[in-house]
Amino acid sequence: MANQGIGQAVRRKEDFRFITGQGHYTDDINRPGQLYAVFLRSPHAFAKIKSIDIDDARKMPGVVAVYTGKDVAADKVGGLICGWTVKDKQGNPHKAPRHDIIAIDHVRHVGDQVAVVIARSTSEARDACEVIEVDYEVLAPVVDVRSALKPGAPQVHADAPGNLCYDWEFGDKASTEKAFASAAHVTKIELVNNRLSPNPMEPRSAIGEYDPGTDTTTVYTTSQNPHVLRLILCAFVLGLPEQKVRVIAPDVGGGFGSKIFNYPEETVCVWAARKIKKPVKWTSDRTEAFLTDAHGRDHVTHAELALDKDGKFLGLRVATMANMGAYLSTFASAVPTYLYALLLAGQYTTPAIYAEVKAVFTNTTPVDAYRGAGRPEATYVVERIVEAAARELKIDPAEIRRRNFVPVDAFPYQTPVACVYDSGQYAKALDEAMKMADYANFSKRKAESARKGKLRGIGICAYIEACGIAPSAVVGSLGAGVGLWESAQIRFNATGSVFVYTGSHSHGQGHETTFAQIVSDKLGVPMESIEVVHGDTALVPMGMGTYGSRSLAVGGSAIIRATEKIIDKGKKIAAHLMEASVDDVAYDKGIFSVKGTDKQVPMAQIAFTAYVPHNYPADLEPGLEASAFYDPANFTFPAGVHIAEVEIDSATGVTTVANWVAVDDFGNVINPMIVEGQVHGGIAQGIGQAMLEGVVYDPKSGQLLTASFNDYCMPRADDLPSYKVGMIETPCPHNPLGVKGCGEAGAIAAPAALMNAITDALGTEEINMPATPQNVWHVIQRQNLAAAAE
């Protein structure tokens, strides 16, 4: 057990079933009498539905039912909701046009649901979809934010004039303008944060099952937060009694944010199952996933940084246009606002910051949280403009950061954009990263690359993120529709084994290992005797799920609180068994002892006594279990420094990532192996964004041109370097584990680090992500032509 507890690199308990093909995913589940749903989707980005003829489809073999938006409307089904209200500059709530689970009058992006066929098999349902006749009046679409905001642009929703969802601001405009007026130098930059498709390994899937005898509905689905999904389905969309709905999210094969949300497909499966009184199952294919899974990023930003003559930051102005897609997804409104602007201070002491964000509707797939959710976008703005300023002022990029870091003795540090940073060692992380990257000798490596006819660049990203968004009262005042606490229950069996029920949800993070390590460490129970249960609203206490790197800081803290209650009760039982005062009982890692004596009782004996209370305190109830809810006092603020080094073949534009160093501060580390794996995965996704990935729509037709892996380029092993990962530990002072989130850090830091390296190699800021070989080659050719013309 000494090698199982907190701080140990324990191998993941759950991996055996995954790597041997024994995982249990939603698509593996089949219910008796099950039917299959297939959706007819719009081939047009924007069109009016003039009529739908489903008569022939209803007559097709195996077809049980065919439904359109009018059937949904007849049952008074509500539209999908956005769960965070953002108010504009005038204090008005954002525009939230109705989002029907099946389109009624208009389709607003390619892939919008027009009808659903339910049949005995998927193939029969697909065949029936083929004979549905839809008469569309095709309308001109708009797919990018700049075009959508122009006068006379096509209007995606009549009740969102000018395609504007909100025009929002944050920060002190007056003090920021004053800072710029006194500046010795102003750096300006134009940035595009490219749209991404999440692409988890497991596509979305859902089964709705209705039991008319008990009037209960069970939903099996690929969800990161089953309780929140149940709440939305019951309270806002279908109007069902919450106690009559059970949501089960079994093994989930990745999410990256895309499985947080309430989607039309799972809602239709539930609604249809209740109508037909048979289970209805739907599983997305990969093209459907590209068309309908919520996309990420898609910002266009102008930023300005004011500096004094010594390179000290005086003020930052940021103006962003954020593409929301055709509808507001579940938490879409919060991503470019409170998850974005609150991080624009970065690791720096910039005294004045002002941000304004225009959120824009377009005829594209809805955009919502994708790994990092607002924090990568903010970091990209801050770290790209800091790097540009260093180049303009001819200050070493590391040095300009060091001059502006929040010093260690300044914590807790109040930023000008609401956040209070609780702890950090920013300069130490930079020093360690520079040492690991051999930063001092970069010029020698650059010269060697030049001798080979290649370009070499180095880029730094000093990122900070806010994880475990909280507290509930604060986010509620900012428009959040749910609390952001977490729950846990620990239940001993009579033989000393333990069930841990958590409201967090695992979809690749390793909770079954990490949470078991915490309980093993605190209660002295071997890990093999601990079972972590999650993802079933009928089994676990209500919880808020997993996103925003919250599981350990919030969910783990709830578990700690539950262990404390177990220990408190255990002391009372131990005192009775050892005939001592409770005040004289000490506890350490599963052993209760009487201070100053050799008397001791192990936790296993306490558990057995609690369930076989023959010798038991008269005033204490039997049993040994405890529940706890934890609402954080603040965000946690992981931070770190990533340094990327690239070599570019100027003849082909091919960029090779030659070296990558990541030094992160995640507070106390429970399992360093899992944390390092999270960092690796995040960097891979960040490299994908910076160099390869990008959702592309045809600007005239609105067709998605990147709807398969033939067209959407994902990073492969040979695109990625061998990472050098280091960690420093500055414990979080306000949660009982002292931990900070780690799941999104790599994806937050990597794009800026890599683009800073690429622009350093090219000698220009004028290249946007993804820096594909073609895009890099074009920059080099333009430079060659300009040089030849001089």
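Colleague: What makes the charged end of Arg 204 count as sitting over the ring of Tyr 263?

Modeller: In this predicted model, the charged end of Arg 204 is 3.6 Å from the centre of the Tyr 263 ring. The distance limit is 6 Å, and the charge must also be within 35 degrees of the ring normal.

Colleague: Why is the aromatic pair of Tyr 67 and Trp 271 called edge-to-face?

Modeller: The ring centres of Tyr 67 and Trp 271 are 4.9 Å apart, with 65° between the planes. Centres within 6.5 Å make a pair, and planes over 60 degrees apart make it edge-to-face, so the name applies. The pair joins distant parts of the chain, with Tyr 67 in strand S3 and Trp 271 in helix H8, 204 residues apart. Both Tyr 67 and Trp 271 are buried.

Colleague: Why is the pair of Phe 635 and Phe 637 called tilted?

Modeller: Phe 635 and Phe 637 have 50° between their planes and 5.8 Å between their centres.

Colleague: What makes S3 and S11 the edge strands of the seven-stranded open sheet?

Modeller: The strand order is S3-S5-S1-S12-S9-S10-S11, and S3 and S11 each pair on one side only. Within this sheet, S9 and S12 pair in the antiparallel sense over four bridges. At least two bridges are required, so S9 and S12 qualify as paired.

Note on methods: Residues are numbered from 1 along each chain as its sequence is written. This is a predicted model: local features need pLDDT of at least 70, side-chain atom pairs count only at pLDDT 80 or more; totals for chains, interfaces and linings use all residues. Side-chain values use heavy atoms; hydrogens and water are left out. Rings of Phe, Tyr and Trp (its six-membered ring) pair if their centres lie within 6.5 Å; planes under 30 degrees apart count as stacked, over 60 as edge-to-face and the rest as tilted. Buried means under 20% relative accessible area, exposed over 50%, partly exposed in between (1.4 Å probe, protein chains only).
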